[in-house]
Amino acid sequence: MKRSSLAAVFLCFVASACRPEVGPPISQVGGPTILAVKGTPAEVDPRSTKTSVVFEALAVDESGRVPGPSTDIADPLRWAICDQPKPPTENNSVSANCLDPDLVPGIVGPTPTTFNATIASNACALFGPTTPPAAEGQAAIRPRDADVTGGYYQPVRVELFVPEALRRAAMSTSESMISFELQRIQCGLANAQGPKIHEYTANYKLNTNPTLTQVTIQVAGATVANTPATATAGPAIAVSAGQSIDLAAYWSEDSVENYPAWDVLTRDLVYHNESMRVSWYATGGTFEHDITGRGENDQELFAPNTWKSDTASVGQVVHLWLVLHDSRGGTDFASLDFNVTP
Amino acid sequence: MCRLTVAAVIVLAAGMTLTARAESPSSEEPEASKGLRPPKLRKFVEAVYPADKEKAGVGARVVLSIDVEESGHVGGVEVVIGAGPDFDAAAVAAAKQFEFDPATMDGTPVPVKIQYAYKFVVKEVMVSLGPQINFEGVLTNRFTKAPSRGVKVRIVDLNAETMTDEDGGFAFTDVAPGPHVIELSSRDLVTIKTEEVITKGKKKTVKYMVEPKEDDVDEEAVVRAPRIKKEVVETRVRTEEAKRVPGTQGDTLKVVQNLPGVGRSAFGSGALIVWGSAPQDTRVNVDGVEIPMLYHVGGMRSTINADLVRSIDLSPGSFGAEYGRGLGGLVRIELQDPGKEGVHGYVASDVVDVSGMVKAAITPNLRVSLSGRYGYLDKSLKAVVSKDVGDFFPIPRYDDYQARATLTLGKDEEVSATFLASDDHLRRVVPSSDPLEIKTQDTDQSYRRFIVRYTHLLPDGSSVMFAPSFGWDQNNSAWNFGGTPLLLNVSTWQYGVRGSYRRRVGKHVVLSLGMDFQGRSSTTDRVGSLNLPAREGDITVFGQPPGSDLGSDHWKVNLLSAAPYAFSEISLGRLTITPGFRLEPTVIDGNLELPHSYVKPDVGYRRIDLPRNPLPGPLAWMPNPRISASYRATPKLNLTAGAGVYGQPPAVEDLSPVFGNPHLQSSSAVHVSGGGSYKLTGTLNLELIGFYKKLYDLVARSEAPSPPVGQSLVQSGIGRSYGGQLLLRQELAKGFFGWFTYSLIRSERKDSPDQSWRLFDYDQTHVLAVLASYEITHGFQAGARFRYTTGAPRTPVIGAFFNAKDQVYEPIYGAHNSIRLPAFYSLDVRVEEAFVYRRLKFNVFADVQNVTNRKNPEEIIYSANFSQRDYISGLPVLAVVGARMEF
């Protein structure tokens, strides 16, 4: 008691310079947004002839997946392949020019949520290391740097028109939300010793999308349901308000691929297993973690999380979405519905 | 004779050491007739000072526990903290004779126990022994050091005068206390005036060094000042003042942060922002040798022991030709002699760190000192703040240590050797359930300097200085953002020689010639995104993760710069002009002109670089011209003006062909300043300065969507800063000092000429500081400081898009640096008690920063989707309590 009194009088840091909690967590879906874009195949080689990709977006709002004729948002998504490289002055993952509809006009896909595109043959020049030869008397263009997995990415813009009644602060434009998919492109291994380039070329397999297989749902250790992980939610599962639900997202064993990548620290070719991340989203309740996952040395094939239903959702269907990403950009997603009872 | 100082501390709060025998112990706020009212001393009896201790001048403090009866008489007396049997007995004997108005509870007398602290202090007694000499001195020839005999010394305001004797000495008796104007004149000497302050009960001894009058010159004001002030704008702080500034925790060098023209650095940075310049553009010199950092990471402490410092000078711009290689300001630190006699030192500790020093005179001519400091703020903070503070603010562990030896070779000839070392270590791990959100940071920053300095004042009045030095800087940073590694390791050997020669060459001219050679040999490894570390002008939000692109480079650069300089002091009556120049060529030698390739051999480069002189016409051919002028309009009013061209070689970190540009050249700047100072009283001074700085060839990121190889950085930036500063300063006199400073500054940049001006990242329009410190009683002093600064510019977020691959929202920005953080203000208080106990001097202090608990915003933080924002505030109340023992 004496010591604590003295500490209060003399010592120090009376309050805590603490981390402010600002706004809702990213896992809370509070309005129209696009949570994921799945490109199939997950990786293409622009130097080859197989450069077509089918994109599917997971666009949602509080009523569920959008757009659709029975939802508040009817306009189909608008898509664009952005050919604007990012200058060194910008810190975001894509150039600010990619947001400009005049520079990069958007178009509608075959369905409200899908888009078919062909990755341009110069993608590795724009976004990769294959820069064109220097003109006479001029310096060559600086090659782009790969990420830690050795990947280069083509930005794909997808835009969701938001009706006036559903608009919120900090949208992407005054009337829409924009997401970017970074479609992985294979541009080979740049600036390495010849034998390493040969080894890389021989052993590198284009990435494939991972597959969510099932979601287990437990309450107090007892299994409530094991549902197949599908993009469209099955029948709503009844849960009580305030109940903590233990969830686990499982993926298939072949989702975790092994791949070679150039290690910039050791300057050698290193083989990695993909790490896996699951992003959790819901229109109600709260998650213990927004994202859970497994590192590349973790062999487990699932990621657990806990979701707690809230009383505000009583009598409503709460939509949950899971987005699985492998570390090379492969994607899968699934939906779940919960019916919250008192 | 003795005087007993009684400090009564009545501790009535529950849970503390005193127990009150009263019925309502919970009543903590006694009122006149309600609750517990403490006893009041009615009869005080002075203790008998132990004769031998008084004779030896030994003081003491005895803490007693006294039972005060209901009648007000003293019951038992016990010694709580003793000071030796004789002091204890004397104090107890005196206390037993005390009488009190008794303590009351709800108006009824009650017995209580109280604590008394006796202080035995040897009283200084002024005994009138007739007329006493209280102002004396000696005059010598400035150049020959010969006594100046036959000079009339006159106290103008008292109309008293005397003549110097054969030894140049003079003396006055019973000069009235207060400031006096002293005039020195003779047939062979220029008449000069100066001012001295006589303090009651103390003898003032002065030494004037004067120059003979030149032929045919009637008047020339040349008095050798304690030091030569060459800079037009310069603020010097005495260490006695600096140690007492609130908020500095007694760290002399932290006072720089309170000087005019200096912006406030964000908590955790320790950056020096001077007249709108980037922190890395301001140079810090210790005895003429550059060191890389004045403060440890976080800015809590300086990297040099405060007791090693004789003085600190800050020149925010327009400084002379002696120094260069920087576009911003100049901080000069002079180290002091370890001490002439005996063995002395100190040990000090507070909640931030522990430090100590030992200095000894090995022989009368050889003095040495050793000092060191070890910081443990990382451990102290963990005990009292939330654990995630470290996620936001770097809380480093640091140490520094110094060794210094001074050898007197002869009259006015000395050589010193100094070793300086500083280390900072920072470790952070932020765990997460998300593999991509696990963050680690591992940073080590160190420097070493070994400086030899030879000085000789020759019999003809000329002076020589020669200072070779070498050192080593290490700056290693490794981050890992969810498996994405980032690395920046810079290792530099630095070596240099500084030499100067100064002598009178004409009737009115003193010439200084010098050479400032500096070599830096750096090896750098970097891995990571092009955008990390961030640069000034980057548009980003706090906490934004770096790009996922991973570049890699390993490069070596040698920078060799030999800078001859010359300047002359031309005295023309009241006007002194100091023109000078500095030629600053730099050889830049690198091993990589293009990124390392496995198919082509590496190609290096070597070139000589000269800072561009942006002045128009023929002035453009002058090598970094500098000029200053001082005009003493009246004895109290001094007008100054200055200008100069400054250069700064490129940073080695920017010369990477992967991340930067190996072809970068020096940046340059033009400084212009002018103003004046007015001496309101002998110790109160008012100074007003205006300035303008223009910056050229600044390094900025390339705006090209696909920049050429080796041109990620370009030299297209320009900048300007302008404004003024006001300083009203009361120098230390009669235990009081203080100052009021206000700076009005605007600093802007263009990253390329076709852009419009934007605010500089560190721009602070208003910077105000008021501080004062007063010695209330002998040994007890208190002070306060108030600071106000405009918040730093930030770029607003006006929208966001979703990055579906990384599952994060990314910001869409508004106009560059178009909003500001809210203003910062803070009131800091410092109290200090000094006392002597058995020939040891103790200081106990409490330095409380931000006593109003103002939540000063340090950064903007956004919600996950950027729809909401809030501020991260700095540490609310920081109370550093410490103690120091000197021997």
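Me: In what sense do strand E16 (residues 276-282) of chain A and E18(A) pair, and over how many bridges?

Reply: Strands of a sheet pair through backbone hydrogen bonds, either parallel or antiparallel. In this predicted model, strand E16 of chain A and E18(A) take the antiparallel sense, and four bridges join them. One place to look is A:Arg277, whose bridge partner in E18(A) is A:Gly293.

Me: Which strands make up the sheet that holds this pair, and in what order do they lie?

Reply: The sheet is open and has five strands of chain A, which follow one another as E12-E21-E20-E16-E18, with mixed pairing. Strand E12 (237-240) and strand E18 (291-294) of chain A are its edge strands, each pairing on one side only. From one strand to the next, the twist averages 30°.

Me: How many residues lie between E10(A) and E11(A) in their hairpin?

Reply: Two residues lie between them, and A:Ala220 in the turn has a positive phi of about 50°.

Me: Turning to the two chains, how many residues of chain B are in contact with chain A, and which strand gives the largest share of the chain B side?

Reply: On the chain B side 79 residues are in contact with 69 residues of chain A. Strand E47 (residues 797-803) of chain B gives the largest share of its side, six residues, and the residues of that side divide into 39 nonpolar, 28 polar and twelve charged. Strand pairing also links the chains, for E9(A) and E47(B) pair in the parallel sense over two bridges, and A:Ser179 has B:Phe802 in E47(B) as its bridge partner.

Me: Which residues of helix H2 of chain B are buried, and why do they line one face of the helix?

Reply: An α-helix has 3.6 residues a turn, so residues three or four places apart point the same way. In helix H2 (residues 85-95) of chain B, the buried residues are B:Phe87, B:Ala90, B:Ala91, B:Ala94 and B:Ala95. Seen down the axis of H2(B), these buried residues fall within an arc of 125°, so they line one face of the helix.

Me: In what order do the three strands E2, E7 and E8 of chain B form their open sheet?

Reply: The order is E2-E7-E8, and the pairing is antiparallel. Strand E2 (36-37) and strand E8 (108-110) of chain B are the edge strands, so named here as each pairs on one side only. Two bridges join E2(B) to strand E7 (residues 103-105) of chain B, and B:Leu36 stands opposite B:Met105 in E7(B).

Key. Residues numbered from 1 in each chain as written. Chains lettered and ligands numbered in written order. Predicted model: local features only at pLDDT ≥ 70, side-chain atom pairs only at ≥ 80, totals over all residues. Pairing = 2+ DSSP bridges. Contact = placed C-beta atoms within 7 Å. Nonpolar A, V, L, I, M, F, W, Y, C, P; charged D, E, K, R; others polar. Buried ≥ 20, exposed ≤ 12 C-beta atoms within 10 Å, placed from the backbone. Arc of directions from axis to C-beta. Axes fitted to C-alpha atoms, helices over the stretch in contact; angles between N-to-C directions.
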